[in-house]
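This report goes through one model, beginning with the surroundings of its ligands and ending with its backbone exceptions.

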Amino acid sequence: MLRDSHGRVATDLRVSLTDRCNLRCTYCMPAEGLAWLQAQSVLTDEEVVRLVRIAVEHLGVREVRFTGGEPLLRPGLRDIVEAVAGLRHRPEIALTTNAVGLEKLAEPLHHAGLDRINVSLDTLDPETFHRLTRRHRHTDVLAGLAAADAVGMAPIKVNSVLTRGINDQEGPELLRWCLARGYELRFIEQMPLDGDRSWNRANMVTADEILERLQAEFSLSPQPEAVRGSAPAQTWLVDGGPARVGVIASVTAPFCHACDRTRLTADGQVRACLFSHKESDLRGPLRSGGTDEEIAALWRTAMWGKQAGGGIGDVAFEQPARSMSAIGG
Ligand code: SAM
Ligand code: SF4
């Protein structure tokens, strides 16, 4: 198992399949993009599947989520999903995506074994979408969401990040829109992981503010901690349920004590935490003939050293060198 020295066990693996993206969300990437990984340093499809297999067969991982950058840009995504779905102890397979291009890929991915999907959508207004993402792809995102729904992927979760002065008033409208379609909406507080390094706490839209605006229009009843388990989102029943809305208060109420995540970057580095300054290389050992057991042992060691928390509130907090799109959110 992937235990750490603070008593937590990681069973949820996030795999970044690429650091590239077709959007440039202001809270994630700079307008000009980043220095992309060289092709030879990115894990091949076979290497990704082998590491996932080791995590599942040797290390107790039960859920695998593919992310990025934008994972739909990875040409081998369908094959990777299919191979992971064929593993002996099949994990739950999920995807976090901006949904650009999902219109065509939803059916093949679902068929290959993708169980669940989270689509990032911050606004219902195409112009606001352009301000936030610096691209005119709002129609593609809506078409991608509709396609995922049409092929029967369920539940569909929508992730929204609010930015002050741009879409911070849109919470209730986003919730109404998701409720009408049966999608589960979760708001995520902005974290200091942006490529521009311009995050600041004073300007961040907090969970309390988000909830206050929602409560002006909806009746929200908190679900008990037991329902939450190790999920980072705290959830509320909307107007008596069964529909729910979630808020991930990563900054104002971090949930590090129950974190069950382990992360793999597109270039084969284990990160124990989003905010780690340390990475542990698995690509080198993988390419130089390491056995499954040797690689599993390196992964265990990397996780044992996991920090107790992200430390955003600490005076000495420093943003990690890699930003969100390069880590895999
Ligand atoms: N490109 C895909 C997408 O946008 O869904 C997958 C990768 S993206 C990094 C994963 C999630 O991280 C998205 O829901 C995005 O909104 C969120 N995200 C990106 N930067 C963030 C930040 N600085 N703080 C909080 N969430 C962030
Ligand atoms: Fe791309 Fe996702 Fe980052 Fe937006 S949040 S720039 S879609 S990786």
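Helices of at least four residues and strands of at least two are DSSP runs, numbered from the N terminus. The model described here is predicted.

**Ligand 1**

In those terms, strands β5 (92-97) and β7 each supply at least two residues of the shell around ligand 1. That shell holds 18 residues, and Tyr 27, Gly 69, Glu 70, Ser 120 and Met 191 come nearest to the ligand. By class, the shell residues divide into 6 nonpolar, 10 polar and 2 charged.

| Residue | Protein atom | Atom of ligand 1 | Distance |
|---|---|---|---|
| Gly 69 | backbone N or O | nitrogen | 3.0 Å |
| Ser 120 | polar side-chain atom | oxygen | 2.6 Å |
| Met 191 | polar backbone atom | nitrogen | 2.8 Å |

On its own, ligand 1 has 540 Å² of accessible area, and the protein covers 95% of this.

**Ligand 2**

Around ligand 2 are Cys 21, Leu 23, Cys 25, Cys 28, Gly 69, Asn 98 and Ser 325. The shell of ligand 2 divides into 4 nonpolar and 3 polar residues, with no charged ones.

**Sheet and helices**

Strand β7, which contributes to the shell of ligand 1, spans residues 156-161 and pairs with β8 (residues 184-188) in the parallel sense over 5 bridges. Within this pairing, Val 158 has Leu 185 of β8 as its bridge partner.

**Backbone exceptions**

Most residues other than glycine have a negative phi, and most peptide bonds are trans.

The peptide bond from Ala 154 to Pro 155 is cis, with omega near -5 degrees. Pro 155 belongs to the loop between α5 (138-150) and β7. The bond joining Gly 241 and Pro 242 is also cis, with an omega of about 5 degrees; Pro 242 sits in the loop between β10 and β11.

Ala 99 has a positive phi, near 75 degrees, although this residue is not glycine. Its place is in the loop between β5 and α3 (102-112).

Definitions and conventions:
Residues are numbered from 1 along each chain as its sequence is written. Chains are lettered from A and ligands numbered from 1 in the order in which they are written. This is a predicted model: local features need pLDDT of at least 70, side-chain atom pairs count only at pLDDT 80 or more; totals for chains, interfaces and linings use all residues. Side-chain values use heavy atoms; hydrogens and water are left out. Two strands pair if DSSP finds at least two bridges between them. A residue is near a molecule or strand if one of its heavy atoms lies within 4 Å of it. A polar contact is a pair of N or O atoms within 3.5 Å; within protein, one must be able to donate a hydrogen and the other to accept it, and residues adjacent in sequence count only if both atoms are side-chain atoms. Accessible areas come from the Shrake-Rupley method with a 1.4 Å probe; for residues, only the protein chains shown count as cover. Ala, Val, Leu, Ile, Met, Phe, Trp, Tyr, Cys and Pro count as nonpolar, Asp, Glu, Lys and Arg as charged, and the others, Gly among them, as polar.
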